[in-house]
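This report goes through one protein chain, from its secondary structure to single residues. The sequence and the structure come first.

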Amino acid sequence: MTRSTESLGEWLLQYKLQPQRHLSTAEFQDLILLTSFNMLLVSVAFCCPFFEFLWSLVCGMDRLSEIDDWDYRSELLFKLPIHTILTEAAFYAFHHILHQSAFLYQRIHKIHHRFTAPTAMACVYAHPLEFALANVGAIYMGPICTNAHPWTCYLWFILAMVGTCKGHNQIFRHRDYHDIHHRYAWKQANLGALYVSDLLLGTLHHPSGEKG
């Protein structure tokens, strides 16, 4: 390993949650296989066609397309906040159910909790059914309900993915609430994406160990 490669590794390590924990070769291989399966097959072959069909079914001929004018004021100031609220509510609900039900946790959600030290790549390491509904479905819910313009959707999907990855690392140099969730899965804490639902419903646990 060259000195430059070692320096890069040390620089990246500062952004890793629980930096003392590392994936084994077998874990890394499984991580690549399942995340690739979800992103390349489940997402492209099932999720996108299904939710696009559902979107067209709900909005019909009124569905906005790229040739329609993009009213940035209504799209960014009105629709994006709604997307955020709906995604937070949907993700929290799905996530709460997956933890409340021993059957669903053992057979579906436990896969995502295989890694107690979150990494950005592991954000979509999940059972395909969970990935389709709790992840992709929750993100699609807002654009479908608001009939968002495609340009708004492109921005929203990027923001959602960045936010998901951020929850599995400490890119902003602070220990994330989702780290607590992975470290102590039995607590059933920090179940939301933005943790607003956790604050309102009493399931928020601060990284310091104090309950919000």
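## Secondary structure

The protein contains eight helices and zero strands. Read from the N terminus, the order of elements is α-α-α-α-α-α-α-α. Of its 212 residues, 39% count as buried. Taking contacts between residues at least 6 apart in sequence, 69% join residues at least 24 apart.

## Confidence of the model

The model is predicted. Its pLDDT averages 83 over the protein, and 81% of the residues score at least 70.

Where pLDDT is low, predicted coordinates should not be read in detail.

## Packing of H2 against H5

Helix H2 covers residues 25-59 and helix H5 residues 128-146. Their axes come within 10 Å and cross at roughly 40 degrees. The crossing of H2 past H5 is right-handed. In the contact of H2 with H5, the residues divide into 18 nonpolar, three polar and one charged.

Asn38 is a residue of helix H2. With a relative accessible area of 0%, Asn38 is buried. Beyond its neighbours within four places in sequence, Asn38 is in contact with Ser43, Val124, Ala126, Pro128 and Phe131.

The loop between H4 and H5 holds Cys123. Cys123 is buried, at 7% relative accessibility. In sequence Cys123 and Thr35 are 88 residues apart, while their C-alpha atoms are 8.5 Å apart in space.

## Salt bridges

Four salt bridges are found in the whole structure. Side chains of opposite charge can pair when their charged atoms come close.

Glu52 is in helix H2 and Arg63 in the loop between H2 and helix H3 (72-100), 11 residues apart. Glu52 has a relative accessibility of 27% and therefore counts as partly exposed. Arg63, at 22% relative accessibility, counts as partly exposed.

In the salt bridge of Arg73 with Asp71, the closest N and O atoms are 3.6 Å apart. Arg73 is exposed, with a relative accessible area of 55%, whereas Asp71 is partly exposed, at 36%.

## Residues with positive phi

Most residues other than glycine have a negative phi. Which backbone angle is positive in Asn147, although it is not a glycine? It is phi, with a value of about 50 degrees in Asn147. Asn147 sits in the loop between H5 and helix H6 (150-166). Its relative accessible area is 13%, so Asn147 is buried.

Tyr195, another residue other than glycine, also has a positive phi, near 70 degrees. Where is Tyr195 found? Tyr195 is in the loop between helix H7 (177-183) and helix H8 (196-201). Is Tyr195 buried or exposed? At 11% relative accessibility, Tyr195 counts as buried.

## Points to check in the model

The following places can be looked up in the structure.

- The crossing of H2 and H5, with axes within 10 Å.
- The side chain of Asn38, buried at 0% relative accessible area.
- The loop residues Asn147 and Tyr195.

Key:
Residues numbered from 1 in each chain as written. Predicted model: local features only at pLDDT ≥ 70, side-chain atom pairs only at ≥ 80, totals over all residues. Heavy atoms only, no water. Axes fitted to C-alpha atoms, helices over the stretch in contact; angles between N-to-C directions. Helix = DSSP H or I, 4+ residues; strand = E, 2+ residues; numbered from the N terminus. Left-handed = near helix turned anticlockwise from the far one by under 90°. Nonpolar A, V, L, I, M, F, W, Y, C, P; charged D, E, K, R; others polar. pLDDT = per-residue confidence, 0-100. Salt bridge = Lys/Arg side-chain N within 4 Å of Asp/Glu carboxyl O. Buried < 20%, exposed > 50% of the residue type's maximum accessible area, 1.4 Å probe, protein only. Contact = heavy atoms within 4.5 Å.
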